[in-house]
Amino acid sequence: MTTQQPPLSQEILAQCNQQAMEPWGSRKLRQSRQGSISTLRSSLSRDQQQQQHPRYPLLLPRGFLPIESSSRSPNISNPNSPFIRRDLVALTKRFSFGGWLQGSRASFSGLPLHQPVQLENTYKTEPEKGCLFKASKVQKLVQAMLDSYLDGASYNAASGSHLSQILSDMVKSKVKEISPPRYKLVCQVVVGQNRNQGLRVASRCLWDSQHDDFAVAMFQNHSLFTLVIVHGVYCE
Amino acid sequence: MEEYNSGEEVSFNADEASVSVKECIEGIIGGLDYNQNKVNQWTASIVEHSLTQLVKQGRPFKFIVNCAIMQKSGAGLHTANSCYWDTATDGSCTVRWENRTMYCVV
């Protein structure tokens, strides 16, 4: 009996490898077979099992399969037995199907999730219609903020750096509230003392000009000037 | 001045970017005095050349390059930036350069 078992498991593993090469349409079958591969891993080398993993990086964090097999078969002493393996396949098939549909946050055995969540591809390359970064709206908001915050302020060497940091955080959080989803923001603030010197600020960007935009607001009084540039970049 | 990732999991290398930007600045305004007529052209050239050098690195990033040139007159200048992005992949670098008559911040 014992001499027959290793050839049988290798045969099944070979079948699993073949069927794992099937296209995405047979996802359920493939998941169940990967569940069975995990039980075989204890007796066979790790190389074959590891070959399976790179194909499904988003759905199969490495730590899951051992937990799955151990939690589902607490009383099984010999996972190589063909009858027990079929039960395991059935169990893992049920749980893996439900777990993967719910997303990578599900924990099959109820244990807390220790691995970072990997988000699936949304296949979105553009923002929704009407969800673009509205430069004019952001410009009005930032201008109003500057006018209200800096009205009557005067330049002070000690507080100048603090003021620029506060302004940039404030502008970023305000613009974040009105910016559409999937947009990254970059907020730059320049604060300087007004002494009739010359200053020139230029900006150039390599981005998608249809979806990415920027807004500029400026404030000056007798003692200081402030320039705020906000760039909104779409995140694919 | 900063980069934005648009796909793969590569993180921004600030040191490499700052080295290439510094070379661009030196090449364009190194050894020159502040000249109000030419400062427009200087800022435009600095940002263009810096962007070209960054693109030549071949990374899968979007770039935003800002350049400020200010005449030295005893006045103070502060810059700050605040960014809402993915810190694993995105980053920024700032290069400060000065000579006898002007400051340049990229």
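Predicted model: local features only at pLDDT ≥ 70, side-chain atom pairs only at ≥ 80, totals over all residues.
How many salt bridges does the rule find across the interface of chain A and chain B? Three.

1. **Extent of the interface.** On the chain A side, 42 residues are in contact with 41 residues of chain B. Together the two chains bury about 3,400 Å². Carbon and sulfur atoms account for 53% of that area. Three residues stand out on chain A: A:Arg200, A:Arg204 and A:Leu206 supply 22% of the area that chain A buries against chain B.

2. **Polar pairs and the makeup of the chain A side.** The rule finds 19 residue pairs in polar contact across the interface, both residues being at pLDDT 80 or more. The elements of chain A that give two or more residues to this side are helix H7 (157–178), strand E1 (183–193), strand E2 (199–206) and strand E4 (224–234). E1(A) gives the most, with 11 residues. By class, the chain A side has 20 nonpolar, 12 polar and 10 charged residues.

3. E1(A) and strand E3 (residues 77–84) of chain B run antiparallel, joined by eight bridges. A:Val186 has B:Cys83 as its bridge partner in E3(B). A:Leu185 stands opposite B:Tyr84, also in E3(B).

4. **E1(A) pairs within its own chain.** E1(A) is also joined to E4(A), by 11 bridges, and these strands run antiparallel. One pair to inspect is A:Cys187, whose bridge partner in E4(A) is A:Val230. E1(A) is mostly covered, with 10 of its 11 residues buried.

5. A:Lys184 forms a salt bridge with B:Asp90, and the closest N and O atoms are 2.6 Å apart. This pair crosses between chains: A:Lys184 sits in strand E1 of chain A, and B:Asp90 in the loop between E3 and strand E4 (91–92) of chain B. Both A:Lys184 and B:Asp90 are buried. As background, side chains of opposite charge can pair when their charged atoms come close.

6. **A further salt bridge between chains.** The side chains of A:Asp212 and B:Lys62 meet in a salt bridge, at 3.1 Å from N to O. Over all chains, the count by this rule comes to six salt bridges.

7. **A:Val201 at the boundary.** A:Val201 lies in strand E2 of chain A. A:Val201 and A:Val190 are 11 residues apart in sequence, with their C-alpha atoms 9.5 Å apart in space.

8. **Chain B overall.** The secondary structure of chain B comes to two helices and six strands. Along the sequence the pattern reads β-α-α-β-β-β-β-β. Of its 106 residues, 47% count as buried. Take the contacts in chain B between residues at least 6 apart in sequence: 77% of them join residues at least 24 apart.

9. **B:Trp42.** Is B:Trp42 buried or exposed? B:Trp42 is buried, with a relative accessible area of 6%. This residue lies in helix H2 (residues 39–56) of chain B. Beyond its neighbours within four places in sequence, its contacts include B:Ile28, B:Ile29, B:Leu32, B:Ile69 and B:Met102. B:Asp33 is also among them, and returns in the next point. B:Ile25 is 17 residues away from B:Trp42 in sequence, at a C-alpha to C-alpha distance of 9.1 Å.

10. **Two salt bridges inside chain B.** B:Asp33 and B:Arg100 meet through their side chains at 3.0 Å, N to O, in a salt bridge. B:Asp33 lies in the loop between helix H1 (14–29) and H2, and B:Arg100 in the loop between strand E5 (96–98) and strand E6 (102–105), so the pair ties together parts 67 residues apart in sequence. B:Asp33 is partly exposed at 39%, while B:Arg100 is exposed at 64%. B:Glu98 and B:Lys72 form another salt bridge, at 2.6 Å from N to O. B:Glu98 is in strand E5 and B:Lys72 in the loop between strand E2 (61–71) and E3, so this pair ties together parts 26 residues apart in sequence. B:Glu98 is partly exposed at 49%, and B:Lys72 is partly exposed at 30%.

How values were computed. Residues numbered from 1 in each chain as written. Chains lettered and ligands numbered in written order. Heavy atoms only, no water. Contact = heavy atoms within 4.5 Å. Buried area = accessible area lost by both parts, 1.4 Å probe. Salt bridge = Lys/Arg side-chain N within 4 Å of Asp/Glu carboxyl O. Polar contact = N/O pair within 3.5 Å; in protein donor to acceptor, adjacent residues only side chain to side chain. Helix = DSSP H or I, 4+ residues; strand = E, 2+ residues; numbered from the N terminus. Nonpolar A, V, L, I, M, F, W, Y, C, P; charged D, E, K, R; others polar. Pairing = 2+ DSSP bridges. Buried < 20%, exposed > 50% of the residue type's maximum accessible area, 1.4 Å probe, protein only.
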